[in-house]
Amino acid sequence: MDTLALNRSEDQKVYFSTHTLAGDTTEALLRSAQLDWEYLSSPVKYDTAQGERVNDNSVVLYRSDNLDPVATVSNRFKPVQPKELVDFYLNLSRAGHYQLDALGCVGGGSKIWGLAKGTTEFRIQGQDVVEPYLFFATGNDGNAATQIKIISKRRVCNNQLDATLSEPGRWKIVIPHSTTVDFDAITKRFTELPGTWSNFEATSNVLADQTIEDKKAFEIFYQIYVNKDDSNATIEKKTTRMMELYKYHPTQQLRSTQKTAWGVVNAVTLYEDHLYGNSKTSDASRFKSAMMGPGEKRKAQVWELVQAA
């Protein structure tokens with residue numbers, strides 16, 4: 001995974017580990033993040049018995065620096081360029097409400113993403129610090145739309161969670177690649193941290209006050225992780241793993257997470273962000289799952305289940 005880290009702590013190395021920031025201009029940031037290239041396109045060509053043919057309805061997206069192909073997409077596909085992503089975050093940073101934290105590229109350019117830290121953190125029960133971030137991700141391989149949303153990061157463990165789950169239609173923006181992203185409109189919309197952050201804070205505090213018995217926690221983990229074809233041994237392995245994370249992991253020992261619904265949520269985010277997969281699972285694969293794939297969906301599922309418990 002190619003990434004840039006700013007103000008990096010040791011705990012963040014699992015995500016952001018390779019490049020050091022140099023400068024504060026678009027060009028300097030692009031160079032530092034090794035994103036100083038753009039997506040170019042060329043019509044798809046193929047050989048036949050009658051000679052070369054061209055399919056004008058499809059194009060190959062490729063990188064301008066190493067000419068490596070990224071994907072074959074429709075000729076109506078509109079990629080988000082790395083420069084557009086960096087300019088977006090710099091404009092928000094200059095407005096004073098966010099600080100650029102990380103930029104990255106996954107899969108050789110199939111996806112690019114960024115994080116900017118907001119200025120309004122909150123504490124649950126006086127101890128558990130939760131910080132807001134503006135997350136931007138786009139899949140220029142044709143497999144994912146552009147999405148912009150507020151996420152939370154729990155400082156004690158760097159677990160991340162979609163903070164727009166209670167009102168996704170308003171503060172989670174999803175833009176298909178058939179449409180050009182209006183960065184000016186999005187910048188205006190997110191110039192200040194939206195009201196959904198206050199709603200997320202209120203719900204998080206309610207969950208931290210909500211007692212969850214071990215039996216109910218087990219049922220929730222079972223519902224999220226157990227498949228109908230799992231053997232008894234697999235079921236035991238999955239549920240034991242999650243119960244041990246929930247009850248005994250060092251980041252689960254604050255009052256806010258001990259035998260609480262907030263603790264159940266954070267057991268799932270802990271697993272998805274830091275432990276998902278096996279010894280062969282790369283950080284890039286884990287990151288894609290947790291932020292833009294199945295892991296993101298499981299985080300949303302636990303958020304719904306604990307509120308219904």
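Setting aside neighbours within four places in sequence, N55 is in contact with P43, V44 and Y46. This holds in a predicted model, in which N55 belongs to strand β4, residues 51–63. Although N55 and P43 are 12 residues apart along the chain, their C-alpha atoms are separated by 6.3 Å. N55 has a relative accessible area of 27%; because this value lies between 20% and 50%, the residue is described as partly exposed.

In soluble globular proteins, nonpolar side chains tend to be buried together. Here the largest nonpolar core has 67 residues, and those with the most contacts inside it are F88, I148, F190, F221 and V264. The element that gives the most to this core is helix α8 (residues 261–275), with 8 residues. The surroundings of I148 can be listed in part: not counting residues up to four places away in sequence, I148 touches residues including F88, L134, W171, K172, I186 and F190. Another core, of 13 residues, lies apart from the largest one, and among its members are A102, V106, A284 and M292.

A further feature is the packing of helices. Two packed helices are described by the angle between their axes and the distance between the axes. For helix α5 (residues 196–209) and helix α10 (residues 294–308), the axes come within 11 Å and cross at roughly 55°. The angle therefore makes α5 oblique to α10, and the crossing is left-handed. On the α5 side, F200, T203, S204 and L207 meet W303, V306 and Q307 of α10. By class, this contact has 4 nonpolar, 3 polar and no charged residues.

Methods:
Residues are numbered from 1 along each chain as its sequence is written. This is a predicted model: local features need pLDDT of at least 70, side-chain atom pairs count only at pLDDT 80 or more; totals for chains, interfaces and linings use all residues. Side-chain values use heavy atoms; hydrogens and water are left out. Axes are lines fitted to C-alpha atoms, for helices over the stretch in contact, and angles run from 0 to 180 degrees between N-to-C directions. Helices (H or I, at least four residues) and strands (E, at least two) are DSSP runs, numbered from the N terminus. Angles under 35 degrees count as roughly parallel, over 145 as roughly antiparallel, 65 to 115 as roughly perpendicular and the rest as oblique. A crossing is left-handed if the near helix is turned anticlockwise from the far one by less than a right angle, and right-handed if clockwise. Contact means heavy atoms within 4.5 Å. Ala, Val, Leu, Ile, Met, Phe, Trp, Tyr, Cys and Pro count as nonpolar, Asp, Glu, Lys and Arg as charged, and the others, Gly among them, as polar. A nonpolar core is a set of buried Ala, Val, Leu, Ile, Met, Phe, Trp, Tyr and Cys residues joined through side-chain atoms within 4.5 Å. Buried means under 20% relative accessible area, exposed over 50%, partly exposed in between (1.4 Å probe, protein chains only).
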